[in-house]
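Subject: Handover of a structure

Dear colleague,

Please find the structure handed over below for your further use. My findings are set out after it.

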Amino acid sequence: MAKVEVLCCGQVPFRNNPKTMMTQPSKIPHVLSVAGSDSGAGAGIQADLKACASRHVYCSTVITAVTAQNTVGVQGVHILHEHFVAQQLNSVLSDMHVDVVKTGMLPSLGIVKVLCQNLRKFPVKALVVDPVMISTSGDVLAGSSVLAGFREELLPMADIVTPNLKEASVLLGDVPLKSVSDMRAAAKLIHDLGPRNVLVKGGDLPNSLDAIDVFFNGEEFYELCSSRVNTRNTHGTGCTLASCIAAELAKGSSMLSAVKTAKQFIKAALDYSKDLVIGNGAQGPFDHFLALKNVNQSAYRQNRFNPDTLLLYAVTDSTMNRKWGRSIAEAVKAAVEGGATIVQLREKDIETRDFLDVAKVCLKICRSHRVPLLINDRIDVTLACDADGVHIGQSDMPASLARTLLGPEKIIGVSCKTPEQAEQAWVDGADYIGCGGVYPTNTKANRTIGLDGLKDVCQVSKLPVVAIGGIGLSNARAIMEIGVPNLKGVAVVSALFDRECVLTETKNLLAVIS
Ligand SMILES: Cc1ncc(COP(=O)(O)OP(=O)(O)O)c(N)n1
Ligand SMILES: Cc1ncsc1CCOP(=O)(O)O
């Protein structure tokens with residue numbers, strides 16, 4: 001198929017426009033959503049806000065109706081007066097620089113008309129029309145009088161219109177749409193009504209394993225396929241898709257690439273959210289930020305980091321475990337069963353893919369014992385497997401940057417030898433300090449600081465401290481008894497993993513320090 005690049009309204013994208021960049025260096029892409037409120041927050045204005053936020057685009061809102069709605073259906077609709085909709089439009093458009101307007105529920109002809117008037121008065125880069133007429137639960141959200149307004153005024157102004165099968169059928173006077181070739185014919189007929197581009201969404205197409213959408217730009221057809229996600233959580237996909245297209249256009253994408261990105265985003269969000277349970281009805285919302293599931297899976301992480309978990313910190317070493325003929329996962333399992341209170345995967349000679357696979361397995365083991373699992377050095381692996389946190393050293397990524405990348409929930413530990421480094425770790429947003437090497441060790445070439453150095457760091461540190469380096473059964477108690485309250489435990493490698501029985505060694509060490 002021939003490649004098309006349609007720039008919305010024929011303008012140069014902001015990203016590539018030096019003039020815009022020079023005069024408005026901090027301008028952020030802006031979508032105005034003109035739509036109804038969904039109290040269940042799966043669709044409508046709420047979905048639009050979340051979609052734009054997750055695409056890093058600012059979203060202002062003009063509310064056309066307030067619906068009482070949940071996962072069961074629509075229990076009530078309160079349509080706002082067109083004058084008040086006009087007032088909201090004027091407030092936003094007269095003050096803010098809006099790049100793209102996206103429309104959703106437009107429940108009266110009067111509202112369609114005031115919208116078109118304002119779009120003529122305040123031209124924008126692109127208009128995305130999601131012709132919301134029937135909710136996913138089957139409730140009618142815009143009557144037949146609105147249809148005339150769509151056909152005669154709004155669609156001719158639109159850069160893209162995104163009907164699903166039912167909406168496309170209604171727009172064309174109830175023609176049946178049962179196949180991809182029907183969708184192509186519908187896209188062409190809707191294009192004849194005036195919009196520059198048409199996306200007919202085939203999510204409801206019967207007997208289709210894939211979700212096939214037909215995109216038509218007036219010249220060429222594109223069939224955009226993605227595998228169907230088997231989930232009840234599809235409420236709000238139409239609003240989200242249209243908002244996502246609007247967001248990408250606001251950033252400067254071409255129409256086709258905005259549509260493709262939006263479709264990929266929906267697929268990823270549906271995949272991610274397929275097992276979410278929100279509400280008791282037939283159709284649930286999905287998670288635009290791809291974050292809720294992790295909160296559910298690791299309920300204990302909802303509490304902030306607990307420094308007491310530093311008591312017996314097991315730090316892995318695959319060379320040692322290989323020597324004793326066991327896998328990293330077997331070693332971790334034995335350590336947590338023996339009573340390790342926190343685990344760090346410290347794997348220096350492993351391919352990224354293998355590291356990720358091992359981390360996932362170890363995460364399951366640790367989660368089943370409610371023991372946090374941290375990754376040594378690798379922010380990417382931490383994020384990719386959603387581990388509980390990372391441990392970094394003085395020559396790794398700065399802790400402040402790690403915090404920015406990992407967000408507020410992940411645990412960050414930083415290696416420190418001096419009070420100054422400890423102070424900096426606190427400023428940078430670390431959760432604990434790994435202090436050492438306290439004693440000489442064969443595990444790592446490392447300058448030792450002794451008990452005095454450990455005390456110096458603990459005394460100034462505002463963060464909890466775990467001691468590391470040359471610690472084992474013979475000296476662990478002495479370390480725990482140095483008499484500084486923020487020394488919370490010992491971190492050990494060889495004392496657990498360079499031994500025949502990890503479980504027994506862990507139990508014995510725990511008994512000594514508890
Ligand atoms: C708990 C804990 N403390 C210190 C270290 C050492 O980390 P780092 O300085 O990054 O050195 P490497 O572990 O990367 O060799 C640690 N891993 N854990
Ligand atoms: C990673 C690290 N950082 C300072 S010392 C050390 C190694 C600790 O290993 P061991 O517990 O075997 O002495």
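The average pLDDT of the protein chain is 91, and 92% of the residues score at least 70. Two stretches call for caution. Residues 1-23 have a pLDDT below 50, and in the model this stretch has 31 contacts beyond near neighbours in sequence. Residues 296-302 also have a pLDDT below 50, with five contacts beyond near neighbours in sequence. Where pLDDT is low, the predicted coordinates should not be read in detail.

Ligand surroundings

Ligand 1 is surrounded by 17 residues, of which G393, S415, G434, I468 and A491 are the closest. Which strands each supply at least two residues of this shell? They are β10 (312-315), β13 (389-392), β14 (411-416) and β16 (465-468). Divided by class, the shell around ligand 1 comprises six nonpolar, seven polar and four charged residues.

Around ligand 2 there are 14 residues, and T441, T443, G469, V493 and S494 come nearest. The shell of ligand 2 divides into five nonpolar residues, eight polar residues and one charged residue.

Helix packing

Two packed helices are described by the angle between their axes and the distance between the axes.

The crossing of α8 past α9 is right-handed. On the α8 side, the contact involves T237, T240, L241, C244, I245, E248 and L249, and these meet A258, V259, T261, A262, K263, F265 and I266 in α9. By class, the residues of this contact are nine nonpolar, three polar and two charged.

Next come helix α12 (residues 328-338) and helix α13 (residues 352-368), whose axes come within 9 Å and cross at roughly 20°. Angles under 35 degrees count as roughly parallel, so α12 is roughly parallel to α13. Here too the crossing is right-handed, with α12 passing α13. I328, A329, V332, K333 and V336 of α12 meet V358, V361, C362, I365 and C366 of α13. The contact of α12 with α13 has nine nonpolar residues, no polar residues and one charged residue.

The remaining pair to report is helix α3 (residues 82-95) with helix α4 (residues 109-121). Their axes come within 9 Å and cross at roughly 25°. The two helices, α3 and α4, are therefore roughly parallel to each other. α3 passes α4 in a right-handed crossing. In α3 the contact is made by E82, V85, A86, L89, N90 and L93, and in α4 by G110, I111, V114, L115 and N118. Seven nonpolar residues, three polar residues and one charged residue make up the contact of α3 with α4.

Backbone geometry

Most residues other than glycine have a negative phi, and most peptide bonds are trans. Two places in the model may be set against that background.

What kind of peptide bond joins G436 and G437? The bond is cis, with omega at about -5°. G437 is placed in the loop between β15 (432-436) and α17 (450-460).

H56 is not a glycine, yet its phi is positive, at about 65°. This residue, H56, is found in the loop between α2 (44-54) and β2 (58-69).

Yours sincerely

Note on methods
Residues numbered from 1 in each chain as written. Chains lettered and ligands numbered in written order. Predicted model: local features only at pLDDT ≥ 70, side-chain atom pairs only at ≥ 80, totals over all residues. Near = placed C-beta within 6 Å. Helix = DSSP H or I, 4+ residues; strand = E, 2+ residues; numbered from the N terminus. Nonpolar A, V, L, I, M, F, W, Y, C, P; charged D, E, K, R; others polar. pLDDT = per-residue confidence, 0-100. Contact = placed C-beta atoms within 7 Å. Left-handed = near helix turned anticlockwise from the far one by under 90°. Axes fitted to C-alpha atoms, helices over the stretch in contact; angles between N-to-C directions. Parallel < 35°, antiparallel > 145°, perpendicular 65-115°, else oblique.
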